[in-house]
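Please examine the protein shown below. The account that follows moves from the whole chain to its sheet, then to one residue, and ends with a covalent link.

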Amino acid sequence: MAVGTGSYFDGTSSQRRMVRVTVGAALAIAEMDGRPIAEWAWRDVERLPQPGVRLRLARVGGDARLEIFDEPLARGAEAQLDKAEAPSRHRGTGRIVAWSIAAVVSLSAVGIFGLPVIADKLAPYIPYSVERKIGDAVDQQVRQLLSTRRAAGPFECGTKEEEKAGKAAFDKLMAAIVAAAEAPEMITASVIRRPDANAIALPGGRIYVFHGLIAKAGSPDEVAGVIGHEIGHVVNRDGMRKLIQSSGLAFLFGMLLGDVVGGGAIVVASRTVLDSAYSREAETRADAFGVATMKRAMGDPSALATILEKIAGTEKERGALDWILDHPATPIRARTIRALAGPKGQGKPLLTAEEWEALRKICSPAPSSPPLAGERR
């Protein structure tokens with residue numbers, strides 16, 4: 001049993017309360033004078049990402065939050081959570097194996113008709129630890145595909161001395177959006193030296209924001225709206241669905257044999273991340289998630305519609321009709337986003353004017369390499 005302190009939010013107000021936390025057979029939360037507040041069974045506790053906080057916990061289905069900064073107390077809580085999650089991980093593995101066997105038995109039908117259905121059913125059951133491993137393998141391939149010898153600096157922006165102010169501004173923007181998104185897994189993001197107005201989310205939570213998107217944007221809210229949209233793809237496991245659909249039976253056989261990152265499946269999947277769009281349903285869900293995230297961040301939720309209209313204009317200038325066909329029509333999509341956003345309220349600036357100017361200079365000088373064939377948001 002471990003005892004320490006933490007910060008507690010009851011879910012009905014924004015007031016932070018210092019509480020006494022006891023990690024034992026259950027997670028007990030009490031006032032500093034010992035009066036009990038709540039007791040959570042470990043099977044009902046979930047982890048939430050929160051920059052700057054050692055461990056953030058919530059009760060599944062509830063609004064209350066508990067933040068733990070004390071390292072020994074956090075380690076004790078994580079050990080209890082690992083024990084509670086172990087049975088569900090085993091059940092999840094069993095489901096994965098069952099789906100894989102079903103795929104092997106129905107090779108011909110799966111190859112023609114079944115992959116989209118299997119992807120929808122299978123993706124939510126893949127453990128996050130497996131998805132992160134897959135995401136790391138995809139990331140290595142994607143970095144090779146996106147990097148260019150013509151770039152005037154490292155692949156990721158923000159490493160030069162003159163770019164550090166922009167990196168700090170980007171990190172501040174990311175912290176606000178990730179906290180508002182309340183994603184179940186930690187999201188990581190970088191700005192890369194690509195001139196395209198684009199952003200991509202890889203399986204496992206890695207997001208790349210192209211510098212061309214920041215150059216096209218007219219405000220931090222437009223960039224933040226796109227990031228919220230991409231986090232929506234991560235939360236909805238859209239990247240895993242697309243990976244399974246693109247690599248097909250190679251991925252399922254690899255899972256059956258215990259090797260999900262070997263062979264050519266990852267190479268195919270990595271190229272698919274760049275070359276193919278999500279389904280219209282996936283884009284609509286991600287748009288709605290981005291709007292909700294911006295509302296919680298107190299930003300302008302309609303800014304996502306504004307930047308999408310700018311990107312669509314760029315694509316039309318290039319004559320990229322496949323982009324228009326693969327995505328929901330931009331005017332319809334923008335109207336839907338603005339309807340979800342509602343009347344423009346009194347939000348708060350996500351960045352100061354000085355920070356926004358620094359973010360726009362995070363890649364210096366601006367990249368000039370041509371886009372890859374088929375790249376699109």
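**From overall architecture to a disulfide**

Of the 377 residues of the protein, 48% count as buried. The model is a predicted one, and the values given here are to be read accordingly. Its secondary structure amounts to 14 helices and 10 strands.

An open sheet is formed by 7 strands, arranged in the order β4-β3-β2-β1-β7-β6-β5, with antiparallel pairing. At its edges stand β4 (36–40) and β5 (45–48), each of which pairs on one side only. Neighbouring strands of this sheet are turned against each other by 30° on average, direction ignored. Within the sheet, strand β1 (residues 2–9) and strand β2 (residues 17–23) pair in the antiparallel sense over 7 bridges. Alanine 2 is placed opposite valine 23 of β2.

Strand β6 (residues 55–59) of the sheet contains leucine 55. Is this residue buried or exposed? Leucine 55 has a relative accessibility of 5% and therefore counts as buried, the cut-off for that class being under 20%. When neighbours within four places in sequence are left aside, leucine 55 is in contact with Arg47, Leu66, Glu67, Ile68, Ala74, Ala77 and Glu78. Glutamate 71 lies 16 residues from leucine 55 in sequence, and the C-alpha atoms of the two are 8.8 Å apart in space.

How many disulfides does a search of the whole structure find? The search finds 1 disulfide, which joins cysteine 157 to cysteine 363 with an S to S distance of 1.7 Å. Cysteine 157 is located in the loop between α3 (128–146) and α4 (164–181), and cysteine 363 in the segment after α14 (353–360), so the pair ties together parts that are 206 residues apart in sequence. The torsion about the S-S bond of cysteine 157 and cysteine 363 is about 100°, and the disulfide is therefore right-handed. Both partners are shielded by the protein: cysteine 157 is buried, with a relative accessible area of 4%, and cysteine 363 is buried as well, at 3%.

Notes
Residues are numbered from 1 along each chain as its sequence is written. This is a predicted model: local features need pLDDT of at least 70, side-chain atom pairs count only at pLDDT 80 or more; totals for chains, interfaces and linings use all residues. Side-chain values use heavy atoms; hydrogens and water are left out. A disulfide is a pair of cysteine sulfur atoms within 2.5 Å. Helices (H or I, at least four residues) and strands (E, at least two) are DSSP runs, numbered from the N terminus. Buried means under 20% relative accessible area, exposed over 50%, partly exposed in between (1.4 Å probe, protein chains only). Contact means heavy atoms within 4.5 Å. Two strands pair if DSSP finds at least two bridges between them. Axes are lines fitted to C-alpha atoms, for helices over the stretch in contact, and angles run from 0 to 180 degrees between N-to-C directions.
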